[in-house]
Amino acid sequence: MKILLVEDDLELAEALTEALTDKQYVVDVVNDGEKGWKQAKTFNYDMMLLDVMLPKLDGVSLCRRLRCEGKSLPILMITALDTSRDKVCGLDAGADDYIVKPIDLPELLARVRALMRRGECSAPPVLTWGALQLDPSTYEVTYQKQPLHLTPKEYSCLELFLRNSRRVLNRDFIIDHLWSFADPPCEDTVKAHIKSLRHKLKAVGAPDNLIETVHGLGYRLKPIS
C-alpha cells in the first residue's frame, strides 16, 4: 500500500514515515501543497495524509481541488486546529477523517487501517489464491498451511499480486506501488524479488510457476484451473 504524506514539519514527517514504513506501507513525502497536488496527479496512491497548514497551497484547498478533479483516494487530514468549525471545514472539503496534533501514533495507524478497509470494502479479509493465503491483519503468509517467512518487500510484492490476482503486472507498475519516488530500485531489483519469492514458495510445495512470467508484459499469478 502506498501513501502520500504532505507535511512541512520535517521532524513529524520523519516520525510518521518511520511508523508507517514499519507497518509495510510505502511512503512518499512532500512538504508543500503544490508539490502534493503535482505528486497526486502524477502517481497512484492508496491514501493521502494531509496537513492543513501548508506553504503555497493549504491542505483544505488541496483536498477540495483533488475532489473536484475526481480523485477518490482516502484523505486523512492532520492539523493543530482543534475546533468543530475547523473539522467541519476539512470534512466538507472532501476529507475522509481528521486527526489532531500532537499525534498519537497508535491512533493514527488505526485510522489509516480503517480508511484502507473502507476503500477496499469488497476485498476479502484474507487474500487467497488456491492453497496460498495472506492475512493483511497479521502479515502471515501460508501455503497449504505451511508458513512462509518473507522479507518486508517480498511480502509487499506478494500482497500486490494477490490484490491484482487476475492482472499482468509490469515492472513499472510494481515499482510505482512498492517503492517511494525518492528511493527507486536498480533495474534488476524487481526480478530479484520475484526470483526469491518463487524460491520460497517452491520450498513449501508451491509449483515453480505460481508466479509466472508473461513474456514482454510482466508477471502474474498462474490462473487456477
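**Notebook: sheets, helices and cores**

I began with the antiparallel sheet: 4 strands form an open sheet in the order S6-S7-S8-S9. S6 and strand S9 (146-148) stand at its edges with a single partner strand each, so one side of each has no neighbour in the sheet. On average, neighbouring strands here are turned by 25° against each other, direction ignored. I took axes as lines fitted to C-alpha atoms, for helices over the stretch in contact, with angles from 0 to 180 degrees between N-to-C directions.

I noted the conventions next. The model is predicted, so local features need pLDDT of at least 70 and side-chain atom pairs count only at pLDDT 80 or more, while totals for chains, interfaces and linings use all residues. Residues are numbered from 1 along each chain as its sequence is written, and side-chain values use heavy atoms, with hydrogens and water left out. Helices (H or I, at least four residues) and strands (E, at least two) are DSSP runs numbered from the N terminus; two strands pair if DSSP finds at least two bridges between them.

I then looked up the pairing of S7 with S8. These strands pair in the antiparallel sense over 4 bridges, and Gln 133 stands opposite Thr 142 in S8.

I followed H6 over this sheet. H6 lies across S6, S7 and S8 and runs at about 110° to S7. The axes of H6 and H8 come within 10 Å and cross at roughly 85°. H6 and H8 are therefore roughly perpendicular to each other (the class for 65 to 115 degrees). At their contact (heavy atoms within 4.5 Å), residues of H6 including Cys 157, Leu 158 and Phe 161 meet residues of H8, among them His 193, Ile 194 and Leu 197.

I checked the nonpolar cores, each a set of buried Ala, Val, Leu, Ile, Met, Phe, Trp, Tyr and Cys residues joined through side-chain atoms within 4.5 Å. Buried means under 20% relative accessible area, exposed over 50%, partly exposed in between (1.4 Å probe, protein chains only). The largest core has 30 residues; Leu 132, Val 141, Leu 158, Phe 161, Leu 162, Ile 174 and Ile 211 touch the most other members. Elements that each supply at least two residues include helix H7 (171-178), helix H8 (189-203) and strand S11 (218-221). H6 gives the most, with 6 residues. Apart from this core lies another, of 21 residues, among them Met 48, Leu 54, Leu 57 and Leu 62.

I turned to the hairpin of S10 and S11, which has 3 residues between the strands; Gly 216 in the turn has a positive phi of about 85°. S10 and S11 pair in the antiparallel sense over 4 bridges, with Val 214 opposite Gly 218 in S11. Glu 212 is found in strand S10 (residues 211-214) and is buried, with a relative accessible area of 13%. Its side chain makes a polar contact with the side chain of Arg 220 (2.6 Å). I counted as polar contacts pairs of N or O atoms within 3.5 Å; within protein, one must be able to donate a hydrogen and the other to accept it, and residues adjacent in sequence count only if both atoms are side-chain atoms.

Note on methods
Parallel < 35°, antiparallel > 145°, perpendicular 65-115°, else oblique.
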